[in-house]
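Student: I would like to go through this model term by term. Please set each value against its cut-off.

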Amino acid sequence: MKKRATSIFLILVMLVLTFSLSGCGSQASSGSGGSSKAKNLKIAIITSDAGRNDNGYNASAIQGAIKASKQLGVQYKVVDYTNGGTAKSLQVLAQNGYNMIFTLEYDFNALIQGVGNNPPIAKQFPNTTFVVFNDNPNVDSHGKTLFKNVISVMFNVHQASYLAGAASALVNENAKTLFGKGYNFTPTSQTRAVGFIGGTNSNGITVFSDGYIEGVNYIAQQLDVHYNFYTNFNAGFTDPALGSSLSGSFYNKGANVVFACAGVVGDGVTAKAKQAGKLAIQVDANKDSQQPGYVLTSTLKNTEVPVYKLTDALVHGSLNKMARVQNYSLASGATGITDMSTLQAHLAKTPEAEAKWKEIKAELNTIAKKINDGQIKVTNAQIGEKFDLSSLKNVTFK
């Protein structure tokens, strides 16, 4: 009797889970375009804990799925993150015949290693392609690919972050010329400092901070000045109030720019920047208008690009010919920084400010070219490169 009751309970759990996936995600949708073959293909997006309305990382991926549905004809479904539920979502979607599943949460153990007594999900469903972001967990200790049905997507955000760091230092050095009323920058005669707030201490986050501070150091070396670097890598991704308090402490210590890489925690950072009369940097999508005039730039991680590109390869039968690690550089358009036009509209209306701004933009373009042609090498934590503290002659970690 007890065994029968247990079986009924397990069946109910599976029914609830299936209902939950249908309820929190959209029903599979498809556009009017595409071939009959494409209409039978199904893709799914599992969001990270920042949620589908994060105006960035998740929202861009969903836009890629919508675009693929409209232009290629595939069916798509969006499943919201639930705490500890990514593995269950992967299993249910694969059982329901989804051909390609994009999972944006930084949680790979069940997929690649298996948890408990369960084999890896990638092994359980060899006919499903799983796409993970921001790391390459699909290798053994010798670097050999473990599962052919797993693709890792990497953005060269270390390069974009380098540009953001260079922009921070250039703007900080010239704040007196660039800005008028409404700002309260700590003068460089007192101190020079920037800050970074990360959701977790993982490669997917430190790849931003490494590139950022190397960009700051590049400009500091040119000017023979010194910067303090304040950091916090435990902010999580869901609490704007925490972002406000952390960034407030950095601003109070003299930082004039704080880079937030922590989901909606960054919303609190931009709000605090406006309150303090200083600047913030956002991440993933163009969020420069979140607090107009107080967001220096946004470091872009446009997940729409790989979602559409990989779905296109699925439809046209070329997916298996692609490398299991896909890298998206500055030139791909999937990463970079914004054109900073929102901030530009809030600069002082003086010839000196206009001339200095043009000079800064030109310098950033030069740096981007040097990165693209290899003259500037930026640390990439996503591929296991280690940050060399000794190379930062003009920065002190606080």
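Student: What makes Val171 and Leu343 contacts of Phe179?

Tutor: Contact means heavy atoms within 4.5 Å. Leaving aside neighbours within four places in sequence, Phe179 has such contacts with Val171, Phe185, Leu279, Leu343, Leu347 and Ala348. The model is predicted: local features need pLDDT of at least 70, side-chain atom pairs count only at pLDDT 80 or more, and totals for chains, interfaces and linings use all residues. Residues are numbered from 1 along each chain as its sequence is written, and side-chain values use heavy atoms, with hydrogens and water left out.

Student: Which residues have the most contacts inside the largest nonpolar core?

Tutor: Phe102 and Phe179 do, in a core of 100 residues. A nonpolar core is a set of buried Ala, Val, Leu, Ile, Met, Phe, Trp, Tyr and Cys residues joined through side-chain atoms within 4.5 Å. Buried means under 20% relative accessible area, exposed over 50%, and partly exposed in between, with a 1.4 Å probe and protein chains only. The largest share of this core, 10 residues, comes from α7. Apart from it lies another core of 19 residues, including Ala44, Leu93, Ala94 and Ile112.

Student: Why is α7 called largely enclosed?

Tutor: Count its buried residues. They number 16 of 17, so α7 is largely enclosed by the rest of the structure. Helices (H or I, at least four residues) and strands (E, at least two) are DSSP runs, numbered from the N terminus. α7 covers residues 157-173.

Student: What is the span of α7 set against?

Tutor: The expected span is 1.5 Å times one less than the number of residues. α7 reaches 24 Å from its first C-alpha to its last, close to the 24 Å expected. α9 has 21 residues and reaches 30 Å, close to the 30 Å expected. α9 is mostly covered, with 17 of its 21 residues buried.

Student: Where does Asn134 lie, and is it buried or exposed?

Tutor: Asn134 sits in the loop between β5 (129-133) and β6 (150-155). It is buried, with a relative accessible area of 7%. Phi of Asn134 is also positive, near 75°.

Student: How do you know that Ile121 and Ser247 are buried?

Tutor: Ile121 has a relative accessible area of 2%. Ser247 has 0%. The cut-off is under 20%, so Ile121 qualifies and so does Ser247. Ile121 is in helix α6 (residues 121-124), and Ser247 is in helix α10 (residues 240-252). Beyond four places in sequence, Ile121 touches Ala87, Leu90, Gln91, Ala110, Leu111 and Phe130.

Student: What makes a space a pocket, and what lines the largest pocket?

Tutor: On a 1 Å grid over the protein atoms alone, a pocket is an open set of points with protein on both sides within 12 Å along at least five of seven lines. Lining residues have an atom within 4 Å of a point. The largest pocket has 24 of them, and Ser48, Tyr57, Tyr106, Ile205 and Phe237 lie nearest its centre. α9 gives the most to this lining, with three residues.

Notes:
On a 1 Å grid over the protein atoms alone, a cavity is a set of points where a 1.4 Å probe fits but cannot get out, and a pocket is an open set with protein on both sides within 12 Å along at least five of seven lines; lining residues have an atom within 4 Å of a point.
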